[in-house]
Amino acid sequence: MLTTHDLFATVPRGLETALVGELAGLGADDCKVVPGGVHFQGTLETAYRACLWTRSAAKVLLPIARFRATDETGEGLYAGAAQIAWTEHLGPEQTFAVEVTLVGARLTNASFAALKVKDAVVDRLRAATGSRPSVDRKNPDVRVHAYLERDHVTLSLDLAGESLHRRGYRPTLTEAPLKENLAAGLLLLAGWPELAAQGATLLDPMCGSGTFLVEGALLAAGLAPGLLREKFGFTAWRGHDASLWRRVLAEAEERKRDRTRPTSHFVGYDADHAAVNVARTCARRAGVSDFVTFEARTLEECTPPEGLPPGLLVANPPYGVRIGQAQALPALYAQLGDVLKRRFGDWTAQLLVGEPELVKALGLRPTRKERVFNGPIECRWLRYPLRAPARKADSGTEKSAPATAAPLPSQRERLASGSAGEAFANRVTKDLRHFGRWARRAGVTCYRVYDADLPDFALAIDRYEKWVVVQEYAAPKSIDPEHARARLRLALTLVPELFEVPPTQVFLKVRQRQKGHAQYERLADKGQLFQVHEGGHTFFVNFTDYLDTGLFLDHRQTRELIGTLAAGRTFLNLFSYTGTATVYAANGGARHTTSVDLSRTYLDWAERNFALAGLRGASHELVQADCLRWIERARDRYGLIFLDPPTFSTSKRMEGTLDVARDHVALIRSTLRLLEPDGVLLFSTNHQRFKLDQEALSDLALEDLSRATLPPDFARSPRIHQTWKIARPPGRERPR
């Protein structure tokens, strides 16, 4: 008689009921749901089938010991683990790894708890065999799982080994925002097995790498999701029954050979051609490519596939986790809602949404909401039974219009009844036309389009080639915050259409008055850089991680001036930021350049910009230093110096503070000490209320270039920066 074991399968939270149904169908008994998993009873054969066949599970665990550990030193955990006859599970010639889950346990460090269990395994095996096994965290022969809940410890063998979501069909190193077991579990909750049996169509208009469709096809074809895996954790376990596993595996392979083509249909669209290619690869490797179709289509182009019956539309649209884009996503969700309402009558839509506010933008009311977790992100699996839009018949009665016949209204048309939205759209359209013509004539690809032209929309909008950056100025205290948020949402809904870019290419930044080093703090840590072009140069910009992008657009003409003045000179760039001015100087013919900044991040960024420009070697120095102290110590002379200090600065690595309004005279005089007799100092500041103390600098030749260096797209903000050309009068070697 086969032994019955207590077993436990983990699952993404919210999919427990789906997993219960799967396990019951595989012969599991006494299933009990807990958050994130299911306890069940079954034989070793049941466990093998669960590893091979369950679509929603992540792990299948076989508990081998339960005990209490009441101390905080880890000695109780070690003692309990050392009581286990580990020779029944692995040998000293094998490798193993320990994973730990802590839930309100006395031990709060999972790594320390894993170390205690590891020591117990090693010591027990060494005592029994005279040698010890090795630890391999990436690809062990046997995985041990320790679950510590308060004083209670459960030690289990991980029969799956690597997580069951790793089916084996996804190309190596290809990540997806939706794990395979989560996608499969969501389809089970949506009733896809029943719809598939009726020959329905499964469609994903934002398919990415095609996870929903591949999992849906595997399910409809009756294929075991684990057939492509190279190994399971139990195959190296000493309690493994190889003959039983061969029989279970042979049954699954026979079913694969005897399978018939599903009567259901599978269609995926995505605007990203690269994603579509990955999806096709996944389908081919999973063995379902002969009945799954992928096409490169934008959301605007999505229509029900011709000749196929309606069915289930599924999507996992972006959640806005990436900083800088969350506020731009209402436009995408509004467009998705329009596509569903206008074109997919008689379909049922199931959408996985991670941000509650975005649900409102869909303009649809769900009939069912299920709480599920995509990793740590709490989401809602929303059900929308759709109906075709009605139209008036000749007789005056209403009839359903064909779902594919309804043209989508533009965002502008949807908001036509709102005077504020219309005013904003009209103004941005006018600005786009005006500055677009100027930019094309001037060969400029990165420029400001809109700059708080309407009081209700306190925004700056910049085009960076195919990307758009929206900067919200902090509203005055007299403005109702909710009113300001509503105007921002309205603007972000319109911007993608007005600029003719996808919503995912729109980035939001909030500008407000900062104090101290807060103005330079990192906002995110995505590290994603994009290449843009200016004046024949190529630069890296970052739209998400910092308040500024790395390329000050209002300094465009200042950089051009630097390129003109630099020929044959040595160039010094103080507070050099990302080194864009240095690139202009070097390509303008500077003999040598030195760029000084306190931030290692900005210097690394500058080095990347140098590499794009082909600037390498000792002729182009990058110096990490506090500029104020560096100026005091420096001994070299320079023919051209660009001094562009921050308005106010403090840093843990910087002595004191810098206030440009207070300190600019002393800073300019210190810097002039490094200037060659016939050299030129360009001093620039973005301080809005800055006033140069000309009386204190009256012995110098001062030329105000503020207007001359103000680009046309920033003429609406004449005080956005001030630039002065400073030199010593003829015959004067040093400043006073």
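**Close-ups of a predicted model**

**View 1. N609 and the residues around it.** Skip the neighbours within four places in sequence, and N609 is in contact with T538, F539, F540, T578, T580 and V583. All of this comes from a predicted model, so keep that in mind for the other views too. N609 itself sits in helix α17, which covers residues 600-613. Is N609 buried or exposed? N609 counts as buried because its relative accessibility is 0%, and the cut-off for buried is under 20%.

View 2. Which residues form the positive surface patch here? They are K430, R433, R437, R440 and R441. R437 has its place in helix α13, the run of residues 419-442. With a relative accessibility of 41%, R437 counts as partly exposed. That label applies because partly exposed lies between the buried limit of 20% and the exposed limit of 50%.

**View 3. Zooming back out to the whole chain.** For context, the protein chain has 19 helices and 32 strands. How much of the chain counts as buried? The figure is 54% of the 736 residues. As for contacts, take those between residues at least 6 apart in sequence: 73% of them join residues at least 24 apart.

Terms used. Residues numbered from 1 in each chain as written. Predicted model: local features only at pLDDT ≥ 70, side-chain atom pairs only at ≥ 80, totals over all residues. Heavy atoms only, no water. Patch = residues over 30% accessible without salt bridge, like charges linked within 9 Å, V, L, I, M, F, W, Y side chains within 5 Å. Areas by Shrake-Rupley, 256 points an atom, 1.4 Å probe, with all protein chains shown as cover. Salt bridge = Lys/Arg side-chain N within 4 Å of Asp/Glu carboxyl O. Lys, Arg positive; Asp, Glu negative; His and termini not counted. Charge placed at Lys NZ, Arg CZ, Asp CG, Glu CD. Helix = DSSP H or I, 4+ residues; strand = E, 2+ residues; numbered from the N terminus. Buried < 20%, exposed > 50% of the residue type's maximum accessible area, 1.4 Å probe, protein only. Contact = heavy atoms within 4.5 Å.
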